[in-house]
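Welcome! Please take a moment to look over the sequence and the 3D view below, and then we can walk through them together.

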Amino acid sequence: MRNGHVQSVWPTLFRKVPMMDPEPEVIATPDDDELHLDWYRQGSDRLAIVSHGLEGHSRRPYVLGLTRALLREGWDVLAWNFRSCGGVMNRQPRFYHSGATGDLSLVIDHGLAGTYDTLFLSGFSVGGNLTLLYLGEQGERVDSRICGAVAYSVPCDLAGSADMLALPSRKIYMQRFLRDLKVKMQEKAEKFPDLIDVSGFDAIRSFHEFDDRYTAPLHGFRDARDYWAQCSALGRMRDIRVPALMVNAADDPFLSPQCFPESRRQLGAHVRLEAPRWGGHVGFVEHAKDGFYWSERRALAFLQGLS
C-alpha cells in the first residue's frame, strides 16, 4: 500500500476493530452544552485520552485501534466526541473547530478528577492539532500528570492544509467533508435561523469558503485566515513542555510542506517529528495477525520510551 490515497481510504472502507462496548458519559460545558464521552475502564491508574479527526467520532476504526492497543498495555482509555460529532447534535450554534482547546481541557480535567496519576494524550488529524495546540497553550503550567502525547496526520499548518484540499486532485475528499457538514449546518439552520443560513451551500467548494462563512463567525474569528492563524499548532509547538511525537506521513494528501517542520525553532525542545515515507492520512496500514496497525505499535513504543 505504497500510495497515500489508498492508505487514507483503506481503513475507512475495510477495517473492523472488535471491541468491548464502552461506558458512555455525557458531561456539561460552561456554556450550557454537552460533550459525549466513551470510557474503557479496567482499573488502571493510567489514563489515555484520544481525540478523533475532522467529521470523525469516538468509534472510528483508527480510534478503536489505538484504544485496543492501549488497553492491552494496561491503560484505561477515554475517547471523546467533539461537539456535533458522534451522532448527537450539540445545543449551541457553535460546533467544533481545530482550536477548541477549551473542550479538550474540560475533558482532561474531568479525566484527571478520578484516581489517575498518569495521563497520555493522543489525537488524529484535527484532533492531533488540537492536542498539540492545547499543550502549547499550557506551556509551563501543564499538569504534571501528563506524561506525553502522540499526534498523527496533523494539519498543524491549517491554511496550507486548506490549500491542499482545495486542489482538484483532492476533490473526492473535499466533497465528502462538505456533504457531511451540509447535513449538520442544515440542522443548525433549523434551530438558529437568525444566525445560520444554508442557502447556496452547494456552491461551496473549499474550506476557504466554508470556514469564512461558518466556522469563523460562529466561533469568534474575523475570517478563515484569522481562524487558521490562531488555531494552527505550528506556532505553539515550541511552547510544549512534555515529550510529544508528531507523525506525519510524507505521502499524506492533506498536508502542506509546512506541516513537516524540522527546525528546533519551530518544534521546540520537546517535540519530535517523524515523517515515514508511507501512511497516507490517518492510515499507517499494517496487515498483521494481531490486527495492530503501524501507528498503534509506534504509540506503544513511544510510551515505553517514557517509562
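Is Ser153 buried or exposed? Ser153 is buried, with a relative accessible area of 0%. Before going further, please keep in mind that this is a predicted model. Ser153 sits in the loop between E6 and helix H5 (158-165). Its backbone deserves a glance too: Ser153 has a positive phi of about 55° although it is not a glycine.

Asp32 is exposed, at 53% relative accessible area, whereas Ser153 is buried.

Let us step back to the whole chain. The chain is divided into domain 1 (10-157 + 236-305) and domain 2 (165-231). Their C-alpha centres lie 23 Å apart. To the contact between them, domain 1 gives 21 residues and domain 2 gives 23 residues.

Leaving aside residues up to four places away in sequence, Met237 touches Leu132, Cys156, Met246, Pro261, Gln266, Leu267 and Val271.

Now find helices H3 and H4. Their axes are 10 Å apart, and the two helices pack at an angle of about 80°. H3 and H4 are therefore roughly perpendicular to each other. On the H3 side, the contact is made by Thr101, Leu104, Ser105 and Ile108. On the H4 side, the residues are Leu130, Thr131, Leu133, Tyr134 and Glu137.

Strand E5 (residues 118-124) is another stop on the tour, and Thr118 is found in this strand. Which residues does Thr118 touch, not counting residues up to four places away in sequence? Thr118 touches Asp45, Arg46, Leu47, Trp75, Arg145 and Cys147. Thr118 and Ser144 are 26 residues apart in sequence, and their C-alpha atoms are 8.5 Å apart in space.

**Salt bridges**

Side chains of opposite charge can pair when their charged atoms come close. How many salt bridges does a search of the whole structure find? The search finds 21 salt bridges.

| Salt bridge | N to O distance |
|---|---|
| Arg91 and Asp32 | 3.4 Å |
| Glu140 and Arg241 | 2.9 Å |
| Arg236 and Asp239 | 3.0 Å |

Arg91 forms a salt bridge with Asp32. This pair links distant parts of the chain, 59 residues apart: Arg91 is in the loop between strand E4 (76-81) and helix H3 (101-112), and Asp32 is in the loop between strand E1 (23-28) and strand E2 (34-40). Arg91 is partly exposed, with a relative accessible area of 40%.

What about the pair of Glu140 and Arg241? Glu140 forms a salt bridge with Arg241. Glu140 lies in the loop between helix H4 (126-138) and strand E6 (146-152), and Arg241 in the loop between helix H8 (224-231) and strand E7 (244-247), so the pair ties together parts that are 101 residues apart in sequence. Glu140 counts as exposed at 64% relative accessibility, and Arg241 counts as partly exposed at 34%.

Arg236 and Asp239 also meet through their side chains. Arg236 is partly exposed, with a relative accessible area of 31%, and Asp239 counts as partly exposed too, at 24%.

Salt bridges also join up into a network here, which links Asp31, Asp33, Arg83, Arg94 and Asp103.

Key. Residues numbered from 1 in each chain as written. Predicted model: local features only at pLDDT ≥ 70, side-chain atom pairs only at ≥ 80, totals over all residues. Heavy atoms only, no water. Salt bridge = Lys/Arg side-chain N within 4 Å of Asp/Glu carboxyl O. Helix = DSSP H or I, 4+ residues; strand = E, 2+ residues; numbered from the N terminus. Buried < 20%, exposed > 50% of the residue type's maximum accessible area, 1.4 Å probe, protein only. Contact = heavy atoms within 4.5 Å. Axes fitted to C-alpha atoms, helices over the stretch in contact; angles between N-to-C directions. Parallel < 35°, antiparallel > 145°, perpendicular 65-115°, else oblique. Domains from an automatic or database assignment.
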